[in-house]
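Thanks for coming. I will go through one structure today, and it is on the screen now.

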Amino acid sequence: MENVNLNNLSQEEKERHILSLIKNKKTREKGYALLISEFSGRIYWQIRRMVYSHEDTDDLVQEVFIKVFENIETFNKKSKLSTWIFSIAYNHTLNFLKSKTYRNSKKNSSFEQNVLASLEADSLFDADKATLTLEKAVLSLPVKQRAVFQMRYYQDLSFAQIAQITKTSEGALKASYHIAAEKIEKLVLQESNI
Amino acid sequence: MISKDNPFKVPEGYFEQLEKRLNQKAKTKHVSTPRWLKYVSGVLAIGILTIAGWLIVFGDSSLDLKSNPTLAFLFGLDEQEKADSLAKANRKAEQIAWHSYTEQMKKEADEIVFSEEELDYIAEITEEDEEELLLTNTDM
């Protein structure tokens, strides 16, 4: 199944194909190339939406993929490949944010304050006023709630998948998402004086 | 509801570059040591350290390893040989302890200072040879 047209495959079939290429020594390199091409963009945006900085995201993406390369041969297929990779990215990003929060607390500032301060001046952030207001509202959410919101709203992941990634129940996630959406809408409306 | 416009940008050509870098990292990962070789290296390292430790501890060529009861099993000694080896080791330990004790006694004897009266008394009750023995021999 080496020269398969991936465009004709479902997501699940694509992932199985990638895994079978990687498991075989002769096709491993090709398997890695497909894995990277399939997931690097999605992982990038998942992380970027959490950490905001392009430079930090770039570092984290590479670290996540190194973890993926090191552990993929022992991947047990109990979950989908994409879920497994998103899970690594989620946990790695949370750890990064925890350490950032800790370092900022020593300087009596918060991660969110620093992001807001730098966001408008960031050349890799281009938003009109409404979008900036939205991003500020999202930034005001607790870290895990923010992660759930962005995975559902921006990445269109199912609650089932997010549950597997975050090791949280679907019910708790739906509640969390609902609360997050309400908070954001309220903040956006307040800012817009509607 | 809320716009899904993405305000976050990436430098031009970033994703192509990212894929190249990640592919390079994937290749590097597979040039690294195979797992089985890591296990073999670990076992070899333990072996080398054990031999080095052995040489440091038992490097003294004058030491008869066979007489060491702990190591007797390495030489496949039978029960009698093990008992003999243990007895020999015990005797040697006793000799070392006794030697140390006599050395200590001699040192203490050198520090004894007899008074004039005591020296006269010793002279009275002993002959010359015995006198020298009393004053110098700490074994008595």
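How much space lies in the largest cavity? About 40 Å³. This is a predicted model, so keep that in mind for everything I say. A search of the whole structure for cavities of 30 Å³ or more finds one.

Empty space is found by rolling a probe the size of a water molecule over the atoms.

Now the lining. The residues around the largest cavity are A:Q46, A:I47, A:M50, A:A89, A:Y90, A:T93, A:L94, A:A147, A:Q150 and A:M151. Three elements of chain A give two or more residues each to that lining: α2 (28–51), α4 (81–106) and α7 (143–153). Of the elements, α4(A) gives the most, with four residues. By residue type, the lining divides into seven nonpolar and three polar, with no charged residues.

Next, chain A as a whole. Its secondary structure comes to nine helices and zero strands. Along the sequence the pattern reads α-α-α-α-α-α-α-α-α. Chain A has 194 residues, and 48% of them are buried.

Over all chains, the structure holds 16 aromatic pairs. One of them is A:F149 with A:Y153, which is stacked, at 5.2 Å centre to centre and 15° between the planes.

Why are A:F149 and A:Y153 separated by about one helical turn? Because they are four residues apart in helix α7 of chain A. Are these two residues buried or exposed? Both A:F149 and A:Y153 are buried. They also belong to one aromatic cluster, together with A:Y154, A:F159 and A:Y177.

Last, confidence. For the complex, the predictor gives an ipTM of 0.83 and a pTM of 0.63. Chain B has a mean pLDDT of 71, and 53% of its residues reach 70 or more. Within chain B, confidence is highest in helix α1 (residues 14–31), at a mean of 85. The lowest is in helix α5 (residues 128–136) of chain B, at 61.

Note on methods:
Residues are numbered from 1 along each chain as its sequence is written. Chains are lettered from A and ligands numbered from 1 in the order in which they are written. This is a predicted model: local features need pLDDT of at least 70, side-chain atom pairs count only at pLDDT 80 or more; totals for chains, interfaces and linings use all residues. Side-chain values use heavy atoms; hydrogens and water are left out. On a 1 Å grid over the protein atoms alone, a cavity is a set of points where a 1.4 Å probe fits but cannot get out, and a pocket is an open set with protein on both sides within 12 Å along at least five of seven lines; lining residues have an atom within 4 Å of a point. Grid points are joined across faces, edges and corners, and a volume is the space filled by probe spheres set on the points. Ala, Val, Leu, Ile, Met, Phe, Trp, Tyr, Cys and Pro count as nonpolar, Asp, Glu, Lys and Arg as charged, and the others, Gly among them, as polar. pLDDT is the predictor's confidence in each residue, from 0 to 100. Rings of Phe, Tyr and Trp (its six-membered ring) pair if their centres lie within 6.5 Å; planes under 30 degrees apart count as stacked, over 60 as edge-to-face and the rest as tilted. Buried means under 20% relative accessible area, exposed over 50%, partly exposed in between (1.4 Å probe, protein chains only).
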